[in-house]
Amino acid sequence: MPTVRGVRCGWGLMAAVAVGCHAAPPVAVPPPAAPLPPFDPPAVRPASLQPDLSSLPHLDAATADPSAVTGTPTPGHRGITEEDCRREAAARAPAADLLATEDHVPPGKKDCRAGNDLARDVRAHQAAEARNRAAAQALEQFFQLADAEGRGEAMRASLPVLDDLRATVRKARADGLRVPVDPDDLDRQRAGLLSLMGQAELGAVVLDIDLKRRLGVSGKCPDRLRPVGPFPVTDSPVDVDAAVQGALERRPDLLALRTAYHGLTPEALPTARDLLRGNDAAGGRAGVPGLPLRPLAVRILRGGLSDEPDPATVAEVEVRRRQLYDLIVARERQAADEVRAAAAG
């Protein structure tokens, strides 16, 4: 049975909280902003929307040099390999660095050590997943850049061949010979080739800018990143079952969920809520370490604090555990399907 003193302390605590809430000074609410006046565009007479062609720079596709189309001088190059991309992008993943520095935040006086340890383990797996994701994105850019550079080189190499054919056809026509090729068609092909070269050059420039940021190369570096091979092509079949098994065992996102599932306790509920919320699963109510006021006051009235969690917390642990289990099952299927799709491609 609770003592009279314990009851008085409990009611005193709740009264103090209630008085503190009522005694708080009112918050000044700013007045609503004045509505913007309606936008009234001026009346105009419809005119042609076609650009003034006389103001455009003149470019004769039949004689233009490729550098006039790309608009950029021939750049210098800095060689990078596939391993360079994987290593540097993973080491510089911003999301992973944020998660790693979170471990340096000192715990509060009321934080539970078990809950903090679980949160640290989960963050370690999340950081590994962020580094894997950063490396994968950089490698995708690496191969896209190699493709853009390769296509540009192939088109630049074919341009002299096309120009020689154009000159041969025109000379044959001037000599009175009949040829099955129309010189105008060749001119149009040259124009189309120059357009494709410009698109490839633009794509290479954009990819170079993005990849430099991911790898930590200065944005002021005038040289372009140059993918360095070899780029082997193999027809060896992929062991899909082994690849799926490896993904299920080692993927950091799955390891983070399993760590939270096996280590879930009342003290670790904030970590589970954040993890579920970040995975777009059950919303997970917002929470911080520590007991809410109402269970704390009830336990004081019952005769003081104890190490036993209240029934609502126990029930939430079971709910979160079930949510984590369902999420793990769904993510394992997703991981397996991603591996199968990559092997099929």
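A salt bridge is counted here wherever a side-chain nitrogen of Lys or Arg lies within 4 Å of a carboxyl oxygen of Asp or Glu, and by this rule the count comes to 34 salt bridges. The model is a predicted one, in which local features need pLDDT of at least 70 and side-chain atom pairs count only at pLDDT 80 or more, while totals for chains, interfaces and linings use all residues. Residues are numbered from 1 along each chain as its sequence is written, and side-chain values use heavy atoms, with hydrogens and water left out.

Begin by selecting R92 and E88, whose side chains form a salt bridge with the closest N and O atoms 3.0 Å apart. With a relative accessible area of 41%, R92 is partly exposed (buried means under 20%, exposed over 50% and partly exposed in between, for a 1.4 Å probe and protein chains only), and E88, at 22%, is partly exposed.

Next, select D97 and R131, which meet in a salt bridge at 3.3 Å, N to O. This pair links distant parts of the chain, 34 residues apart, since D97 lies in helix α4 (residues 94–101) and R131 in helix α5 (residues 113–174); helices are DSSP runs of H or I with at least four residues, numbered from the N terminus. D97 is partly exposed at 33% relative accessibility, and R131 is partly exposed at 24%.

Then move to D175 and K171, where the N to O distance of the salt bridge is 3.1 Å. Here D175 is partly exposed at 49%, whereas K171 is exposed at 55%.

Finally, select E149, E153, E201, R224 and R226 together, which salt bridges with shared partners join into one network.

Methods:
Helices (H or I, at least four residues) and strands (E, at least two) are DSSP runs, numbered from the N terminus.
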